[in-house]
Amino acid sequence: VVTGASSGIGEAMAREYAKAGAKVMMAARREEELKRIAAEITTAGGKVAYCACDVVSEEECKNLIAKSVEVFGGIDILICNAGLSMRALFDECDLKVLHRLMDVNFWGAVNCVKYALPHIQKSKGSIVGISSVAGIHGLPGRTGYSASKYALTGFLDTIRVENLKKGLHVMT
């Protein structure tokens, strides 16, 4: 399962994994883009499905995971890639922007992991969080982005520790 799969890194991952033989469930808000990419991957011989999903919505994430299990019989890997960026000094930034960054970059991953975790524990699979150097070191003009990626890193570090003896792999 790859979130944020309608463009950028997520689209590239979906294409590469399908090319390598993986069964890929693509998720993003832009259903028409997902449909177009899925058709191209299928034409190239890949196994792919898609599900329109705004990761900010817990219910849509629950549906994404359920559809992934229904279509492919389980989940081996969840890649939490959906994300937003921002550039503004904190004293010039609207707090609504920071709330939106946290909703997508942090809570989006939390929502997906919550429902995928039992399936990935069963398969002894992997959870991958796409972060940034800004999630390790604060960068000027990236207050909200850095905060959201630090939160993602801390969340996934904790999921890793909580699942050390269950065969689950967590990568940030």
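Buried residues, meaning those under 20% relative accessible area with a 1.4 Å probe and protein chains only, make up 43% of the 172 residues in the chain. The model is a predicted one, in which local features need pLDDT of at least 70 and side-chain atom pairs count only at pLDDT 80 or more, while totals for chains, interfaces and linings use all residues. Residues are numbered from 1 along each chain as its sequence is written, and side-chain values use heavy atoms, with hydrogens and water left out.

The secondary structure of the chain comprises five helices and six strands, where helices (H or I, at least four residues) and strands (E, at least two) are DSSP runs numbered from the N terminus. Read from the N terminus on, these elements follow the order β-α-β-α-β-α-β-α-β-α-β. The radius of gyration, taken over C-alpha atoms, is 16 Å, close to the 16 Å that the globule rule (2.2 Å times the number of residues to the power 0.38) gives for 172 residues, so the chain is as compact as a globular protein of that length. Along the principal axes, the C-alpha atoms fill a box of roughly 50 × 40 × 30 Å.

Strand E2 (residues 23-28) is largely enclosed by the rest of the structure, because five of its six residues are buried. Its pairings are set out below, and two strands count as paired if DSSP finds at least two bridges between them.

| Pair | Sense | Bridges |
|---|---|---|
| E1 (residues 2-3) and E2 | parallel | two |
| E2 and E3 (residues 47-52) | parallel | six |

Within E2, Ala27 is the bridge partner of Thr3, and Ala27 also stands opposite Cys51 in E3. From E2 the chain crosses through helix H2 (residues 31-43) to E3 in a right-handed β-α-β crossover, a term that applies if, with the strands pointing away from the viewer, the path from the first strand over the helix to the second runs clockwise.

The structure also holds one cavity of 30 Å³ or more, a cavity being a set of points on a 1 Å grid over the protein atoms alone where a 1.4 Å probe fits but cannot get out. The largest cavity has a volume of about 70 Å³, a volume being the space filled by probe spheres set on the points.

Notes. On a 1 Å grid over the protein atoms alone, a cavity is a set of points where a 1.4 Å probe fits but cannot get out, and a pocket is an open set with protein on both sides within 12 Å along at least five of seven lines; lining residues have an atom within 4 Å of a point. Buried means under 20% relative accessible area, exposed over 50%, partly exposed in between (1.4 Å probe, protein chains only).
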